[in-house]
Amino acid sequence: MRNKALGKEDVITGLFSRAVVITESFGDCSIFREIALHVSNLSNDVYPLTGTDVYFIDGQSKDSGVQYAKFFRSVNLPVVAILDFDALKQSSLIRKYLAALGTTQESESFMQVSSELGAYIRSMQEIIKPVHESIEKVATEFEKMTLQVKALSPHFLHQSQRSHSNTNSPEMMIKSRNMLQTSSRISKKLYLEDLLSSCVE
Amino acid sequence: MCGVASLPNSMQRTVEGSIAQLEKQGLFIHASGEVESLFPHINIATSNKQEWHAKALEYLRSSEFLALANEYDQKSETQGTTPIKWLGKVIQHLSSISERQTKATD
């Protein structure tokens, strides 16, 4: 195998399966593989192949998927590719896939649609651009504010610790004990005075 | 297909026609929202792909999925393709290539 872009394990496992599906990413690959296992259980249609006969490959990108398609086609293994919707605007990429999958017919109508779609997406990007810029500005401001709050918090923490430690200082404790003793003495004196006056009466 | 539905009406039909042409040639196009629509209960932003996929796979392997997917497929019968039916179409296409090759070999 000369092409280093192709994963050896994928190629070998693919060769031992009955058909191959090339996907763009690991996520797509694992989810499609799992759903495919349910296809024959859920559908009323009867397929000669089931989900377990098909090997799903993570092509890692749109471009490297073409290499897998070429390889499996060259060994006469049934192969298809699944691409994301955004591939439609890249007519050259679609051409490469169609060639790799062994399609000789050039679809003029597709090329027309591809260019229209590309123009539409570009016009939408122009509309979205200012909105996107505003969102970015707000996000930057928010980030600044978060940093400011973080910078201030140790200062507040220090202040609060200092005021807490003040109430627990030995001087403050002596002061408060003295105040308690004085108030106790006053109340005792008042009580005695009350008692004495009641006895006299 | 979610991606197509968001296009202006005039463009929708031509794009759908074009996608159908590509499918006949073994190139299947899917909208990103299409697969995610099977997992309405997974409350993770799809931008966080790694976490989303881990949750989705965990769910796909649960027995709960079969019942919901079956129900979902029946409900959307009139609304065109669903992820399961759509993938069924992919496997159907591979099956037909396989049959053609077998006949050619015989």
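**Entry 1: ground rules**

I am working with a predicted model, in which local features need pLDDT of at least 70, side-chain atom pairs count only at pLDDT 80 or more, and totals for chains, interfaces and linings use all residues. Residues are numbered from 1 along each chain as its sequence is written, while chains are lettered from A and ligands numbered from 1 in the order in which they are written.

**Entry 2: confidence in chain A**

I checked pLDDT (the predictor's confidence in each residue, from 0 to 100). Chain A averages 75, and 64% of its residues score at least 70. Where is confidence lowest in chain A, and where is it highest? Helix α6(A), residues 170-200, has the lowest mean, 63, and β1(A) has the highest, 92.

**Entry 3: layout of the two chains**

I took helices (H or I, at least four residues) and strands (E, at least two) as DSSP runs, numbered from the N terminus. Chain A has six helices and three strands, in the order α-β-α-β-α-β-α-α-α from the N terminus. Chain B has six helices and one strand, and its pattern along the sequence is α-α-β-α-α-α-α.

Next I looked at burial (buried means 20 or more other C-beta atoms within 10 Å of a residue's own, exposed means 12 or fewer, partly exposed is in between, and C-beta atoms are placed from the backbone). Of the 201 residues in chain A, 25% are buried; of the 106 in chain B, 25% are too.

Then came contacts (two residues whose C-beta atoms, placed from the backbone, lie within 7 Å). Among contacts in chain A with a separation of 6 or more, 70% join residues 24 or more positions apart. For chain B, 40% of the contacts between residues at least 6 apart join residues at least 24 apart.

**Entry 4: the sheet**

I followed the strand pairing next (two strands pair if DSSP finds at least two bridges between them). Which strands form the open sheet, and in what order? There are four, in the order β2(A)-β1(A)-β3(A)-β1(B), and the pairing is parallel. Strand β2(A), residues 54-58, and β1(B) stand at the edges with a single partner strand each, so one side of each is left without a neighbour in the sheet. The twist averages 25 degrees from one strand to the next, where axes are lines fitted to C-alpha atoms (for helices over the stretch in contact) and angles run from 0 to 180 degrees between N-to-C directions.

I also looked at one pair. Strand β1(A), residues 19-23, pairs with β2(A) in the parallel sense over five bridges. T23(A) stands opposite D58(A) in β2(A).

**Entry 5: helix α3(A)**

**Entry 6: two positive phi values**

Most residues other than glycine have a negative phi, and I noted two exceptions here. Q60(A), in the loop between β2 and α3 of chain A, has a phi near 70 degrees. Q60(A) counts as partly exposed because it has 18 C-beta neighbours inside 10 Å. N76(A), in the loop between α3 and β3 of chain A, has a phi of about 60 degrees. N76(A) is exposed, since 11 other C-beta atoms lie within 10 Å.

**Entry 7: the core**

How many residues does it have? The count is 48, and V21(A), F32(A), V54(A), A69(A), A81(A), Y97(A) and L27(B) have the most contacts inside it. Helix α6(B), residues 83-105, gives the most to this core, with six residues. Leaving aside neighbours within four places in sequence, Y97(A) is in contact with V66(A), A69(A), A81(A) and L27(B).

**Entry 8: G26(B)**

G26(B) lies in the loop between α2 and β1 of chain B. Buried or exposed? G26(B) is buried, because 24 other C-beta atoms lie within 10 Å. Beyond four places in sequence, G26(B) is in contact with V80(A), A81(A), L101(A) and H93(B).

Note on methods. A nonpolar core is a set of buried Ala, Val, Leu, Ile, Met, Phe, Trp, Tyr and Cys residues joined through C-beta atoms within 7 Å.
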